[in-house]
Amino acid sequence: MESQPSSKTLHNRINTNISQLLQRFENIMATATTESTSHTSTAVETYQLDVESTALVRAAEDILALTRVMKETWLFGKLDTLGEDEAEVKRREELERDAGAIQRAIEEGGLLKAAK
């Protein structure tokens, strides 16, 4: 079985696919709106529309393949949907350190003696 993709890889792939879809659609619309009467330019535009529509379909198929990979990864427990980034990990570690220091201070009785 292939290695599991990281979330950064998945995000990059999603962004690439979305930009491809948008670019191909824009290219199709730009080609479709040109007005020409010569047979040569019409043939070139037809070919360009064929190429762009094929690329658009490929980008859509890649998105479908990506969703399948994400579903499989999620079902088999390898996709970390609740993952923490570096800032969250540091914050959690600092909170645990602070909580441990407070717990030690309470256990040593320093805070309880001052309160009595």
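This briefing walks through a predicted model of one protein chain, topic by topic. Because the model is predicted, local features need pLDDT of at least 70 and side-chain atom pairs count only at pLDDT 80 or more, while totals for chains, interfaces and linings use all residues. Residues are numbered from 1 along each chain as its sequence is written, and side-chain values use heavy atoms, with hydrogens and water left out.

**The overall picture**

- The chain contains four helices and zero strands; here helices (H or I, at least four residues) and strands (E, at least two) are DSSP runs, numbered from the N terminus.
- Of the 116 residues in the chain, 11% are buried; buried means under 20% relative accessible area, exposed means over 50%, and partly exposed lies in between (1.4 Å probe, protein chains only).
- The accessible surface of the chain is about 9,700 Å², and carbon and sulfur atoms hold 57% of that surface. Such areas come from the Shrake-Rupley method with a 1.4 Å probe, and for residues only the protein chains shown count as cover.
- Among contacts with a separation of 6 or more, 67% are between residues 24 or more positions apart; a contact means heavy atoms within 4.5 Å.

**Helix H1**

- Helix H1 covers residues 7-32, which is 26 residues.
- From its first C-alpha to its last, H1 reaches 37 Å, close to the 38 Å expected at 1.5 Å a residue. That expected span is 1.5 Å times one less than the number of residues in the helix.
- Leu 10, Asn 17, Ile 28 and Thr 31 are buried in H1, and the cover over the buried residues of this helix includes H2.

**Salt bridges**

- Side chains of opposite charge can pair when their charged atoms come close.
- A salt bridge is counted when a side-chain nitrogen of Lys or Arg is within 4 Å of a carboxyl oxygen of Asp or Glu, and by this rule there are four salt bridges.
- One of them joins Asp 62 and Arg 13, whose closest N and O atoms are 2.9 Å apart. This pair links distant parts of the chain, with Asp 62 in helix H2 and Arg 13 in helix H1, 49 residues apart.
- Asp 62 is partly exposed at a relative accessible area of 28%, and Arg 13 also counts as partly exposed at 28%.
- Arg 68 and Glu 72 meet in another salt bridge, at 2.9 Å from N to O. Both sit in helix H2, and because they are four residues apart, about one helical turn separates them.
- Arg 68 counts as exposed because its relative accessibility is 56%, whereas Glu 72 is partly exposed at 31%.
- Glu 96 and Arg 92 also form a salt bridge, with closest N and O atoms 3.4 Å apart. In helix H3, these two are four residues apart, so about one helical turn lies between them.
- Glu 96 is partly exposed at 47% relative accessibility, and Arg 92 is partly exposed at 33%.
- An α-helix has 3.6 residues a turn, so residues three or four places apart point the same way.

**A nonpolar patch on the surface**

- Trp 74, Leu 75 and Phe 76 form a nonpolar surface patch, with about 420 Å² of accessible area together.
- Patches are made of residues with over 30% relative accessible area and no salt bridge, joining like charges within 9 Å and nonpolar side chains (Val, Leu, Ile, Met, Phe, Trp, Tyr) within 5 Å.
- Phe 76 lies in the loop between helix H2 (39-75) and helix H3 (86-108).
- With a relative accessible area of 60%, Phe 76 is exposed.
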